[in-house]
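Here are my notes on the two-chain model you sent over. Have the viewer open while you read them.

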Amino acid sequence: MDTDSTHVRLSAIGIVAVSLFLALFMRLWFLQGIDRQAFEAASVSNRVRVIHEEGPRGRILDRNGKILVDSETSIVVSLDREPLRKMEQPERNAVFVSLADTLQQLGVPTKLSLIEKRYADLRYAPQEYVPIADDVDPSVEIYLMERADRYPGIIVERKAIRSYPYGNLAAHLLGYVGEINEKELVERGGQLPGSGSASTTSTTTTRPATTQPTSPADSSSGATTTTLANGAGGASGGRLTDYRLGDSIGKGGVERSYEADLRAVPGERTIEVNAKGDLVDVLSLESPVVGDDIWLTIDIDLQAHAERLLAAKIQDLRGRRDKENNRLNAPQGSVVIEDPQNGQILAMASYPDYDPSVTVNGISQEQWEAFNDPNSGLPLVNWALQGTYAPGSTFKLYTALAGYKSGYLRNGTEVINDPGVYTIENCQGEKCEVRNAGSTPHGTVNMATALTVSSDVYFYKLADKFWNLTDQYGETPIQDAAAQFGLGAKTGVPLSGENPGRLPTPANRKAAFEARPDLFMTGDWRSGDNINTSIGQGDVLATPLQLVNSYATFANGGTRYQPQIVTKVTRPSDLTLPANDPANYTLIRQVEPVVQGTIQIQPDQYAKIYDGLLGVTQSAFGTASASWQASKTAWPMAGKTGTAQVSKKADTSLFAAWGPAGTGEPARYAISVVIPESGFGGEVAAPLAFRIMAPLSFGTLLPACPSADQSECAAAAEAASAASGNDVTSGSAD
Amino acid sequence: MQSIGVDRRRISGFRGRDVSSGWKHVDIVLLVATGLVLLFGLVMVYSATRRFPGGAGILLRQGLFVVVGIAAMFGVSLIDYRRIADWWQIIYGVAMLVLAGVLSPLGSLGAFGTKGWYAFGPVVFQPVEIAKLATVLAVASYLGSVDRVDLRRLGTALVLLGVPMALTMLQPDLGSALVFIVVGLGMLVVGGVRVRHLSILVILGVVAVFGILQSSALDQYQKDRLTAFANPDGVSAKARYNIDQAQTAISSGGLTGYGLGKGPSTRLGYVPAQQTDFIFTVAGEEFGFVGSGLLLILFAIMIWRIWRAAQLAADSMGTLLCIGVMSMFLFHIFENVGMNLGIMPVTGIPLPLVSQGGSAVVASCIALGLVQSVHMHRYA
């Protein structure tokens, strides 16, 4: 062997060795010296989880501090996807299959497909826990925790959910809570991690520790935009807009409009986990702050009473037929009771109702479809403010005001003869005669008697005169008066979905026709339109809430309040202590009444209308006198029945009233009752109103029963049901 | 026997010729470097295993193996390597039989259904570690006894290398099979194989590697692991995870590291196989560039001293023995640290003297004992 050659070859090997070590050193320096920061972030994201904790929402109480919506703890099974991502597909699938099987055996109906879908759901940030089963039994938690090694990446957490001690009561008003959707998240400036990468190294976990103060709450709910002083607002301050996907948010009712108060300030837990995803250390802990309590204006006892009687009445009506043999379908109904002195809503019943507890863990697809099936009666709709109806004769209050305000009527003693039929002046064509209900002649009537007996002819004539003398009274004296009572516009009650109703005018009819000539027969406004409007027919639509608020406005002498739902917001000191004891909370803010307008009217003119409406129940000729006699209230009530005709359907029965009336004391309660497809106002709505008002006026209202103890309520409901049958045959024509 | 180590030094040697005391010529630098690396390794194993329930036991066992290894190293170094080489056929034969034996029902199943171990109660023995040594010894003895490496001798040497390689491929243990290629290449280069023959061999080797990767001889996971470093997106989540975590751990160590027992990836177990194949990540994360660089320097010193022993060897057999051991170490170090750093494919190659595992530590110590023997007996 050649020595020189060996030497050369040894040297070559030496050079190779040196180069290899140089390569290692260079790579080592690159990783540790140059590229360090990128990898350091990856190291943090590996092991640090920032867990966003929502905390319990504030409670919703009635005006006396009874808890209507409470928070309780729910156990949630979630996925920690970091350790799962490290597994090979078959291994991970095996975990999922085993988990789905186990959950199903333990009585949790979680499908494998759901787990897989949630695992792949890019809308959640990679480091976030993704819930797969809500509200599981504690035994499930124990089972999974004991076998943690068999279920890597499966986390069991506790979270606060809603509970409803009074079951269905006031469900529409309270609303419900659900998982925030992407639209709501974006509206609140929340983070939408949809574009987030699923890679294990490129994700960031830490987020700025600073918290942003809230912007004024939910401006999307329409009604609340004008009501910040009264309704939901940023007054509480310090609330977070820090929403994440998977967070809860109020979806309707008070839960939605007072979201900013009710929501807990979210907490944040930073934990360190090992490769298996097990908790090793808590690095920082910022506990959530419980949300504030909301005190409603609602009296739950009255609410229960109203709901019970409304339901019994509707159930009794269904299947009956009216005198024209129209079926009384009574698909829905509502009762609203308001305090005329401040606009506070004391009860707001809408039928049909629903069980809010089905929303607690998210509304299932089946449930959602059932809720929105027209055959179900649309139980999620709050008909009291979302339903619009022709107000019929209840509208005459506004027409009466128009008569005085316009100057056409001087003092209300003007009389006309009501033969039951009115012939429109200067009329050409076929429909020149308009009639009272049943063409009943009322003889000589003035303003008061016209209201008491519900003479249509009196108001027809008024409306006809107005239209013939537009140069003197303008085109819309009736609509202007109705608008002063709040018709045709949202009342501004801080609840979402309120319908403004409709107040037709020559101008808006023309505009509508010009916009869509194909939809309307004409854009012209004629005498007949004025006449129809004067008695709340034609195109007029009002909500039960507008109706009660307008009568409350008249009852208090002309001050129109914005309907108020919440009296105050408080911060509880201890959730286990009685909620209604002032020692257990601090007042965050008091909600003051909001005056939206006042109606100026001369006292003698006011008295004429007042007398007419009082006569409705107190005069022998009053359209609601028989039903008032049947269930008298402690003091007289004044009001107006309405029987609105709807083509091809039974009449809508309406009644709006207040009491005490005529006794010199201030009015304490205003009420509206509206049931479509149910018959005469004097026979259906008015008796129901009096039966609701009677125990209230006598102070003999039974306390509402929580769901846990229904025995008393069941007995009361039975009694209500038995009594409801008596009304249909009583009362007089409207 | 005509020596190839020849050389000036031996002729002009001014050192004493007192062969009775081999200790005089022991390579102290190599010995110290070996000792430091072994110590470093124990610390790393401690850090990587202390979170396990039986962590202390693992460390104790590793310590025992280190002691056994050091004893074996001294024992082997005292024996003249030429006396050992006299037995090469028998040693090689037994090693091959034992290596083949793991494929029989006697062998134990390992990860991914590979067979590479014997389990005697609590003691697990990996015969490939011994087979590597036996092969180095055989090739060195066979080629060291001749002047010229003709085609016939080259063929025989290739058979000596090919048998253990084929057996490890059958396990399959791709990484170890590669060791035989690299060791063979190193020894053939230094052993005097003609450049022409060598070139043909290299070309054949390259063709073979591509052929293996293209054929169905490898399972997908093996191909994935081999190609992961070049094709990061095309690999399975698990392989990718392993590579990512190793680099993350090393890189986050920075210049000086988190300190012993404080590295988050190590502490929380984010790097799989951290006490064995990925033990370099412990050094990287907890001791940073300073610590892991020091480990690399110690390795570099060892390689240098082995290379030096090859140069100083009394005969070509000694030279080849040292080159074989050097190639083996160099490949192990480069491949293992390289895969930890993400520049080499992931194969199951331990880091010599550091990775937890008795067979590897003892075999490495014996290999270094052979080198010491060549160094100590160079005047004999």
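The points below go from conventions and confidence to chain A, its sheets and the interface.

1. **Ground rules.** This is a predicted model, in which local features need pLDDT of at least 70, side-chain atom pairs count only at pLDDT 80 or more, and totals for chains, interfaces and linings use all residues. Residues are numbered from 1 along each chain as its sequence is written, while chains are lettered from A and ligands numbered from 1 in the order in which they are written.

2. **Confidence.** For the complex, the predictor reports an ipTM of 0.90 and a pTM of 0.72. Chain B has a mean pLDDT (the predictor's confidence in each residue, from 0 to 100) of 84, with 84% of its residues at 70 or more.

3. **Chain A overall.** Chain A carries 25 helices and 23 strands. Both are DSSP runs numbered from the N terminus: helices are H or I with at least four residues, strands are E with at least two. Of the 734 residues in chain A, 49% are buried. Buried means 20 or more other C-beta atoms within 10 Å of the residue's own, exposed means 12 or fewer, and partly exposed is in between, with C-beta atoms placed from the backbone. Among contacts in chain A with a separation of 6 or more, 77% join residues 24 or more positions apart.

4. **Domains and annotations.** Chain A splits into domain 1 (50-194 + 209-296) and domain 2 (393-572), with bounds from an automatic or database domain assignment. The C-alpha centres of these two domains of chain A are 49 Å apart. An unreviewed UniProt entry puts a "transmembrane region" at residues 12-30 of chain A; in the model that segment is 100% helix and 0% strand, with its end C-alpha atoms 27 Å apart. The UniProt annotation "domain: Penicillin-binding protein dimerisation" (unreviewed entry) covers residues 54-187 and 242-282 of chain A. UniProt positions follow the numbering used here, feature names are shortened, and annotations may be inferred rather than shown by experiment. Residues 54-187 of chain A come out as 37% helix and 28% strand, and residues 242-282 of chain A as 22% helix and 34% strand.

5. **The three-stranded sheet.** An open antiparallel sheet of 3 strands in chain A has the order β1-β8-β9. Its edges are β1 (48-53) and β9 (279-286) of chain A, each pairing on one side only. On average, neighbouring strands of this sheet are turned by 25° against each other, direction ignored. Pairing requires at least two DSSP bridges between the strands; β1(A) and β8(A) (residues 267-273) have 6. A:Val48 has A:Glu272 as its bridge partner in β8(A).

6. **The five-stranded sheet.** Another open antiparallel sheet in chain A has 5 strands, in the order β12-β11-β23-β22-β21. Helix α24 (residues 681-698) of chain A lies across β11, β21, β22 and β23 of chain A, at about 35° to β22(A). Axes are lines fitted to C-alpha atoms, for helices over the stretch in contact, and angles run from 0 to 180 degrees between N-to-C directions.

7. β11(A) (residues 333-338) and β12(A) run antiparallel, joined by 6 bridges, and A:Val336 stands opposite A:Met348 in β12(A). In their hairpin, with 6 residues between the strands, A:Gly343 has a positive phi near 80°. Strand β12 (residues 345-351) of chain A is mostly covered, with 7 of its 7 residues buried.

8. **Interface.** The contact between the chains involves 44 residues of chain B and 36 residues of chain A. On the chain B side, the elements giving two or more residues are α8 (174-190), α11 (237-253), α12 (264-267), α13 and α14 (316-341) of chain B. The largest share of that side, 11 residues, comes from α13(B).

Terms used. Contact = placed C-beta atoms within 7 Å.
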